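Subject: Structure handover

Hi,

Here is the structure I promised you. Please open it beside this email.

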Amino acid sequence: MKKTKEFFIRNRKRFIVAISLVLILIALINIYFVVEVRVTSNDECLWIPKKIQKDSVFIFFDHVKVGGVTWEAGIRDRDQLIAINDSVLENTFAAQRILNQVEEGQYAKYTVKRNDKIFTTDVRIKKLFLFPSLASSLLGLIWILIGFVVLMAKPDGMVQKLFYGIGAAYVLLSTQVILQTEMVSEFAGLGPLLTLVLGYLWALSTCFLPFLCIYFFWTFPKPFKFLDKKWVKLSIFIIPGILFIGTYTIELLVFAFNRISFNSFIVFINILSILIGVANIVAYVSLFINYKRLKTKEERKPVFIILAAFTLAIAASIYTAFIAPAITDTVFNSPEFYTPIILVLILPLAFGYAIFKYQLMDVSVVIRNTITYGTATITILAIYFLIVYFLGQTISRAIGTEYQGIIAGAAFIIFAIVFQSTKNRFQDFLTQRFYPEQFAYQKVLVSFSNEVSTLIGLDNILDSMKKTYVDGLKLKTFAILLKDRESGKIRLARSVGLSIEHLELSAPGLIHFIKERSLTSPNIAIEQHDYQNIFPENAQLLIRENVYTIIPLVIKSKAIGLLLFGLKPSGSQFSGKDIELLSASANQSAIAIENARLYESEAEKDKIERDLELARRIQQGLLPKCIPEMNGLDICGQMVPAQQVGGDYFDLIPISDKILYVIVGDVSGKGLSASLYMTKLQTMMRLACKTERSPKEILIEINKSLYEAIERNWFITLTLALFDTEKRTVRFCRAGHMPILTARNGTVDVYKTQGLGLGLEYGLIFERTLIEEEIPLRVGETYAFFSDGITEAMNEKKDLFGEDKLTELLKNQTLRRSTEIMDLVWNEIKSFRGQAPASDDMTMVLVKVK
């Protein structure tokens with residue numbers, strides 16, 4: 001589905017061309033049918049259907065023109081028409097279809113009943129040119145031609161899509177002239193299918209046309225605020241959809257299944273015609289209100305032309321629908337009274353004039369650029385071609401024809417080089433001559449694009465951008481917004497003309513919009529009709545602030561900011577070539593901004609790295625600088641942080657040459673915050689371990705102090721051991737920490753005494769659950785105190801090093817010194833981890849009894 005959508009977006013201009021060609025062809029066929037095929041036979045009277053019996057419809061003559069062809073045939077008002085050319089008539093539609101087969105000037109045989117007497121008479125047939133059908137067909141053709149230009153200029157514009165849709169609906173609505181002929185049913189054996197398709201398209205256009213007109217004039221030239229409500233937009237499409245289903249169903253029931261009478265169908269068609277009329281009135285009133293809303297004379301001029309043309313078209317429609325029938329017998333008796341309906345064509349023509357003259361709907365610039373630059377290019381091409389041609393002919397005559405091929409090739413190369421350089425200079429001259437505002441913008445923005453890449457510092461870049469756009473382009477409303485990398489919000493960085501000092505935008509639809517638009521054009525611009533989809537929370541705010549165009553700052557399909565633009569000094573909106581220039585400038589600005597932010601980010605990162613390195617040195621400095629010399633004990637310890645600083649902690653606090661405290665702790669979490677708690681813990685432990693006290697007593701005291709100082713989502717696990725070489729004992733407590741391993745003669749004992757982590761509970765439960773244990777010291781025995789970072793070290797396969805591997809390493813190490821055992825453990829862990837990064841701080845203290 002995604003690929004299909006992307007394919008459609010990439011090729012939508014081709015689709016527009018193809019669909020437009022089909023619609024133009026249909027419009028031309030409609031006109032052909034009106035002027036050649038569907039010329040209605042006229043007998044200068046009216047046929048009135050009357051349902052006298054339950055299943056029978058009778059046709060009676062009325063408004064028989066005195067002196068007309070029917071009058072001359074002896075037929076009078078209230079006579080009953082039974083048959084034409086011996087074909088019995090079911091309804092007026094069938095009667096007209098039979099009569100249309102008679103050529104102009106020939107006679108048709110009428111079977112007539114008068115006062116229970118039946119007689120036949122010949123009626124000379126005239127042909128009637130239906131001006132309303134011609135007006136409708138021409139209206140569709142002109143509108144679709146202008147709509148094609150409008151949509152090709154801006155395929156993404158909502159106003160442009162609606163304008164084109166109206167033209168397409170008028171073309172399809174006019175296919176009724178085809179449906180009302182016999183030719184459809186006889187076409188190459190595809191009559192039923194073609195009738196079905198045309199009926200479908202006619203019903204679709206009839207039901208959607210009124211709502212397209214209303215929606216367009218609610219949006220043009222400025223959208224009404226109530227369009228922001230979802231139910232309004234939904235109603236615009238849901239109601240005609242329901243009408244279409246009903247209309248097409250009735251069509252099938254009438255013509256395919258004969259379940260509903262033709263007269264009922266005519267009543268339904270009249271209702272739809274009234275709906276179209278009401279829609280036109282609503283559209284007219286909406287345009288008038290919108291005209292009154294426009295503030296400047298420049299804005300009102302083009303809309304006034306359209307409003308005047310719309311007034312004339314409405315007047316012509318009202319005259320044709322109500323006044324002409326009132327002052328004439330029938331259209332068949334006085335067709336000339338219905339010719340003013342042709343005046344409806346002035347509406348699309350007025351649109352076309354306003355589009356070209358006043359740059360309406362962003363189309364005029366495209367047309368003028370195409371004509372101007374195209375004419376200039378062709379002129380230069382013709383001049384140079386003639387020069388090169390005559391030059392080549394002259395040289396050929398001078399040196400002979402044998403070198404004519406070489407001369408022609410050389411002349412072509414010279415022509416290509418000179419033409420390209422001259423064409424570019426000439427285009428610059430034309431831009432300066434015919435588009436001075438655009439030329440001035442081009443000079444300013446090209447100069448800025450060259451300068452911005454040399455600026456250093458984000459503030460300097462933003463200041464230069466503001467100066468360029470405000471002073472250089474003379475804008476009254478402009479703003480730069482940058483995306484915050486952490487929150488994703490787009491915040492105001494610089495502005496002029498905004499009433500809000502701290503603007504913050506949420507743009508959930510921005511990335512999707514950029515991806516979709518980048519499929520068709522590198523120049524991405526957001527306009528007011530896009531705001532609701534991209535900035536649903538801030539759309540009205542942007543409109544109130546007179547922000548008409550937004551250019552995203554894009555790096556690798558990611559928006560890093562936005563440029564907000566008001567109107568140009570001329571009062572017009574940025575479009576066409578302006579958007580190309582702004583987009584090119586925005587791309588250069590985005591690169592410069594991103595480079596500046598990356599530089600600042602790297603500088604900040606370097607500063608943080610230096611601070612962390614300093615913190616690491618401080619933390620390492622807090623750890624024991626030297627291993628205390630203790631009679632009968634071989635001691636070593638080391639802490640390896642996962643980051644620059646960590647939350648693991650170990651300490652060796654000697655009380656005398658025979659008594660030593662060994663402490664290993666682990667603060668929950670890691671990094672700078674954990675290291676700060678570790679420092680606090682070390683200070684407390686140093687103060688608590690100045691004299692010989694039991695490990696349990698010390699931990700109870702430390703827990704109370706920590707509980708008051710530590711945040712509730714933090715805790716610390718710790719093992720505290722007291723070695724006494726004189727008594728040859730060791731006493732220890734585990735406050736939720738890893739077990740203690742003792743290795744001797746190939747066996748390893750594991751001690752897992754009870755205890756909660758420090759800081760989890762104030763004291764009662766902590767004191768009750770904390771267990772202190774005392775064991776004797778034995779020669780050759782190694783005591784291992786460690787953090788969970790060692791046993792939970794992971795390799796690339798996410799396997800854990802585990803307590804079993806550590807136990808195996810400690811076995812049979814009786815002859816090794818503690819430092820050798822420590823090196824063995826670190827090397828084994830490093831080998832096990834491979835390329836996997838350290839996931840946690842690792843700490844180990846080894847105490848070997850001599």
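Below is what I found in it.

This is a predicted model, in which local features need pLDDT of at least 70, side-chain atom pairs count only at pLDDT 80 or more, and totals for chains, interfaces and linings use all residues. Residues are numbered from 1 along each chain as its sequence is written, and side-chain values use heavy atoms, with hydrogens and water left out.

**Cores**

A nonpolar core is a set of buried Ala, Val, Leu, Ile, Met, Phe, Trp, Tyr and Cys residues joined through side-chain atoms within 4.5 Å. Buried means under 20% relative accessible area, exposed over 50%, and partly exposed in between (1.4 Å probe, protein chains only). The largest core has 61 residues. Phe 216, Phe 220, Phe 351 and Met 361 have the most contacts inside it. Several helices each supply at least two of its residues, including H5 (131–153), H8 (191–219) and H12 (346–357). Helices (H or I, at least four residues) and strands (E, at least two) are DSSP runs, numbered from the N terminus. H8 gives the most to this core: twelve residues.

Look at Phe 216. Contact means heavy atoms within 4.5 Å. Leaving aside neighbours within four places in sequence, Phe 216 is in contact with Val 159, Leu 162, Phe 163, Ile 166, Phe 351 and Met 361. Another core, of 30 residues, lies apart from the largest one. Val 667, Ala 674, Tyr 677 and Leu 681 are among its residues.

**Helix H21**

H21 covers residues 672–688. The expected span of a helix is 1.5 Å times one less than its number of residues. Buried residues in H21 include Ala 674, Tyr 677 and Leu 681.

**Arg 12**

Arg 12 lies in helix H2 (residues 12–37). Is Arg 12 buried or exposed? Arg 12 counts as buried, because its relative accessibility is 12%. Not counting residues up to four places away in sequence, Arg 12 touches Pro 155, Asp 156, Arg 517 and Thr 520.

**Helix H25**

H25 spans residues 802–810. Its buried residues are Gly 802, Leu 806, Thr 807, Leu 809 and Leu 810. They pack against several elements, among them strand E20 (740–744), strand E23 (782–786) and helix H26 (818–833). Just after H25, Asn 812 takes a positive phi of about 55 degrees.

Best wishes
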